[in-house]
Amino acid sequence: MVITNFLNLFPAQGRSVFGANGVQNVNSFQQNKTLNQIAGKAQRADSRSLLEALKAEGSGDSPLSGISDEGLHLLRWIYENGARVSANMEADLTEYRDQLASFDQSIQRYQQILDGTSDLPEDLSMEDVESLLKATQSARETFLRGGAYQLNQRNQKRGEELQSTYGKYADLADDTFSKGLEQFSWEIDADAEDIYGEVDRVRSVAHRATETFKKGMSMIDAELARRKYKDDPYQAYFERQKTTGNDYIAPRNNVSIFRETYGTVREILLQTVDGKGDTDQ
């Protein structure tokens, strides 16, 4: 019977600790970086005129009716980039939560064996299980704190970006968006009594941001659909939308932000397991 399930610990959610095929996907990272740089330049160049257009009243047919075609496409691009930022936050927070849950499940399993409520595997002694329990508890503590540190470093910058760069545009879809982020703390407290509740507190706000940006994308698509009936050139755009849809957000570089902490955790477990766990799964 395999006690230590390394599949649950490395990697999470099918994402490799070291990226696709065991190496960092540099090309994917560079492409995303380039797209964000281009989007940022376009946004800075046109943000003033776009915001002025957003504040102006439309014709009555749509609140976006006064914005040019180019402005609508720029705004949609801004929403897509904002959604990518918040969706990445969600993914990292979910990975952190799931890994903690994997540790806690293993700890509970070992404790049940020691308490006599679960059978002792034939290939293990009670001393083995005690060692595995202590190692897993140590590994969990390492991941709890190391992972929280990495999350806090990354999410603080992302949170500031959501408010300062994308907030004024997100307010068009949800007029409470910017205000709701003013006093919000993106920091995970590793000493929180309920660490899962602490993670969910931040994850729920990131999810709301993602949904707000998607709502903005839908508003723009609705306006373009209204114009479609007057102008056939939009046909190609909507054919493409049928394929991707508003729920599609371009995936990020598939490298875990916790890869360094995973390496430390792996060493802790391997030193104790010594062949008792399954490291090949």
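Predicted model: local features only at pLDDT ≥ 70, side-chain atom pairs only at ≥ 80, totals over all residues.
Student: How many helices and strands does the protein have?
Tutor: Helices (H or I, at least four residues) and strands (E, at least two) are DSSP runs numbered from the N terminus. Along the sequence the pattern reads α-α-α-α-α-α-α-α. That comes to eight helices and zero strands.

Student: What span should H6 have at 1.5 Å a residue, and what is found?
Tutor: The expected span of a helix is 1.5 Å times one less than its number of residues. H6 has 34 residues, so it should span 50 Å; this agrees with the distance between its end C-alpha atoms, 49 Å.

Student: And how far does H3 reach from its first C-alpha to its last?
Tutor: Helix H3 covers residues 69-115, which is 47 residues. Just after H3, Gly116 takes a positive phi of about 85°. At 1.5 Å a residue the expected value for H3 is 69 Å, and the reach is close to that, at 68 Å.

Student: Is Thr210 buried or exposed?
Tutor: Thr210 sits in helix H6, residues 195-228. Buried means under 20% relative accessible area, exposed over 50%, and partly exposed in between (1.4 Å probe, protein chains only). Thr210 has 3% relative accessibility, so the call is buried.

Student: Which residues is Thr210 in contact with, leaving aside neighbours within four places in sequence?
Tutor: Contact means heavy atoms within 4.5 Å. A polar atom of the Thr210 side chain also lies 3.4 Å from the backbone nitrogen of Ala87. The contact list for Thr210 is Ala83, Ser86, Ala87 and Glu90.

Student: What about Arg140, which residues does it touch beyond four places away in sequence?
Tutor: Arg140 lies in helix H4, residues 126-170. At 17% relative accessibility, Arg140 counts as buried. The residues touched by Arg140 are Leu100, Phe103, Asp104, Ile107 and Ile195.

Student: Which residues line the largest cavity?
Tutor: On a 1 Å grid over the protein atoms alone, a cavity is a set of points where a 1.4 Å probe fits but cannot get out, and lining residues have an atom within 4 Å of a point. One cavity of 30 Å³ or more turns up in the whole structure. The lining of the largest cavity is Thr176, Phe177, Gly180, Leu181, Val205, Arg208 and Ala209.

Student: Which elements give two or more residues to that lining?
Tutor: The cavity in question, the largest, holds about 40 Å³ of space. The elements giving two or more residues to its lining are helix H5 (177-181) and H6.

Definitions and conventions:
Residues numbered from 1 in each chain as written. Heavy atoms only, no water. Polar contact = N/O pair within 3.5 Å; in protein donor to acceptor, adjacent residues only side chain to side chain. 1 Å grid on protein atoms, 1.4 Å probe; cavity = no way out; pocket = protein on both sides within 12 Å on 5 of 7 lines; lining within 4 Å. Points joined across faces, edges and corners; volume = space filled by probe spheres on them.
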